[in-house]
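Please keep the sequence and the model in view while reading.

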Amino acid sequence: MRAGSAGTIRVRHHGWLATMLLALLCNVPSAAGAAGTDIDPNAPLTFGILPIGGPAESLEAWRPMLDDLHTALGRPVRAVSVTTYEGIAQAISEQRVDIAFLSGRLALDAVVGQNMQVIGQLTRGDGSKGYYAVLLVAADSRITSINQLFAKPGQWRFARGEALSVSGYLVPETQLFAARGVDSDTFFAKVHVDNHQNNALAVANGEADVATNNTADLERFQQHFPDQYARLRILWKSSLIPHAVIVIRNDLPAALRDKVAAFVTGYGKGKDAAREEANLKLIHDISGFAPATNACLVPFADIEYALEKRRATTAQWVSENARDARLGKIESDHDGLVARLRAK
């Protein structure tokens, strides 16, 4: 991370747990194997989980559904959850994960660079098509409006998510800060990087003045920390962000990929629907997964495009021609990526 001119960035690491989980994962190959083929049809599949809450909590929440996947496939399914976005991204890049539950930005990287494809997108019982990024302040904060926040650069303490977090960094940075010509890493007096739960606690406990979060995680936060939740206020809300997705490796056999996709999109909808729906609610009040393709990741490609344009526009260039060439390359790369995502 880089230090801002108005303050410093502090990253909170949960190193020991992440290291242990990644070490365990790296010692066991994925079912696809180094050669890219499913050599052993009885080899375990590895399911990577982007944590909602802590990694141990996420593993426990997903276990009933993954046990059912094991029964449906007739082969073991091993679950892995780590504490950071970088941790799950690393596991995927090392091809140690066969299937994964990911936010849109991580899924975009998995599809573009790691030979994976989207097979399902999370749905909720309320019928919502997504969730919203938010900025939180204390209920009694002196910051009563966005204009008041931006009127005092270098004064406030900021808690945000990791750089790969859609609601914790990318969407607020694109829709709010970049729109005002501001880089959040240099605007605030101090910047602290952590997960949504800890960032909300930091504001509630007076350790940060403003923090990023999202409406889905706040629901969970309200259940687990009702007193602290009552001390929070939403200062800003983004446009709608599409729900998380499930991706699978393309080098698994087509028949296996089809069976996994059918299981995922049919879960909670069959003859055992009541029990399966109860299992889904353990994860985070999920109602199921709708069939989806890589095209659902286009909004996240648009976010990256907006950030790259901002960086190019605000950078120092030797000439206008050099800047225009860079902007043209960003435009053509984005058009190519969108076409690729929509091709299947």
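## Overall composition

The structure is a predicted model, and its protein chain comes to 14 helices and 12 strands. Of the 344 residues in the chain, 51% are buried.

## The six-stranded open sheet

An open sheet is formed by six strands, which follow the order β3-β2-β4-β11-β5-β12 with mixed pairing. Because β3 (77-81) and β12 (286-291) each have a single partner strand, they stand at the edges, and one side of each is left without a neighbour in the sheet. From one strand to the next, the twist averages 25°.

Strand β5 has pairing partners in both β11 and β12: residues 116-124 of β5 pair with residues 245-249 of β11 in the antiparallel sense over five bridges, and five bridges also join β5 to β12, again with the strands running antiparallel. On the β11 side, Met-116 has Arg-249 as its bridge partner, while Gln-121 stands opposite Val-245; on the β12 side, Gly-120 stands opposite Pro-291. Eight of the nine residues of β5 are buried, and the strand is therefore largely enclosed by the rest of the structure. Helix α12, made of residues 273-284, lies across β5 and β12 and runs at about 100° to β12.

## Strand β6 and its partners

Which strands are joined to β6 by bridges? Strand β10 (residues 232-242) is joined to β6 by eight bridges in an antiparallel arrangement, and within this pair Tyr-132 stands opposite Leu-240. Strand β9 (residues 210-214) also runs antiparallel to β6, to which it is joined by four bridges, and here the bridge partner of Leu-135 is Thr-212.

Strand β6 itself, spanning residues 130-138, is mostly covered, with eight of its nine residues buried. One of its residues, Leu-135, is also named among those with the most contacts inside the largest nonpolar core, which is taken up next.

## Nonpolar cores

The largest nonpolar core has 54 residues, and those with the most contacts inside it are Leu-102, Leu-135, Leu-149, Phe-188 and Leu-297. Helix α6, residues 166-177, gives the most to this core, contributing six residues. Another core, of 28 residues, lies apart from it and includes Leu-73, Phe-101, Phe-263 and Phe-289.

Leu-297 can be followed in more detail: this residue is found in the loop between β12 and α13 (298-314), and its relative accessible area of 0% means that Leu-297 is buried. With neighbours within four places in sequence left aside, Leu-297 is in contact with Gly-104, Ala-107, Leu-108, Val-111, Val-118, Val-245 and Leu-341. The C-alpha atoms of Leu-297 and Val-338 are separated by 8.7 Å, although the two residues are 41 residues apart along the chain.

## Packing of α4 against α14

Two packed helices are described by the angle between their axes and the distance between the axes. For α4 and α14 (residues 320-342), the angle is about 85° and the axes are 12 Å apart, so α4 and α14 are roughly perpendicular to each other. Leu-108, Val-111 and Val-112 make the contact from α4, and Leu-337, Arg-340 and Leu-341 make it from α14. By class, this contact of α4 with α14 has five nonpolar residues, one charged residue and no polar residues.

Three residues of this contact, Leu-108 and Val-111 of α4 and Leu-341 of α14, are also among the residues in contact with Leu-297.

## Loop residues with positive phi

Gln-95 has a phi near 60°, which is a positive value in a residue other than glycine. Its place is the loop between α3 (85-93) and β4 (99-102), and Gln-95 is partly exposed, with a relative accessible area of 33%.

Asn-115, likewise not a glycine, has a positive phi of about 60° and lies in the loop between α4 (104-113) and β5. With a relative accessibility of 38%, Asn-115 counts as partly exposed.

Key: Residues numbered from 1 in each chain as written. Predicted model: local features only at pLDDT ≥ 70, side-chain atom pairs only at ≥ 80, totals over all residues. Heavy atoms only, no water. Pairing = 2+ DSSP bridges. Helix = DSSP H or I, 4+ residues; strand = E, 2+ residues; numbered from the N terminus. Axes fitted to C-alpha atoms, helices over the stretch in contact; angles between N-to-C directions. Contact = heavy atoms within 4.5 Å. Buried < 20%, exposed > 50% of the residue type's maximum accessible area, 1.4 Å probe, protein only. Core = buried A, V, L, I, M, F, W, Y, C linked by side-chain atoms within 4.5 Å. Parallel < 35°, antiparallel > 145°, perpendicular 65-115°, else oblique. Nonpolar A, V, L, I, M, F, W, Y, C, P; charged D, E, K, R; others polar.
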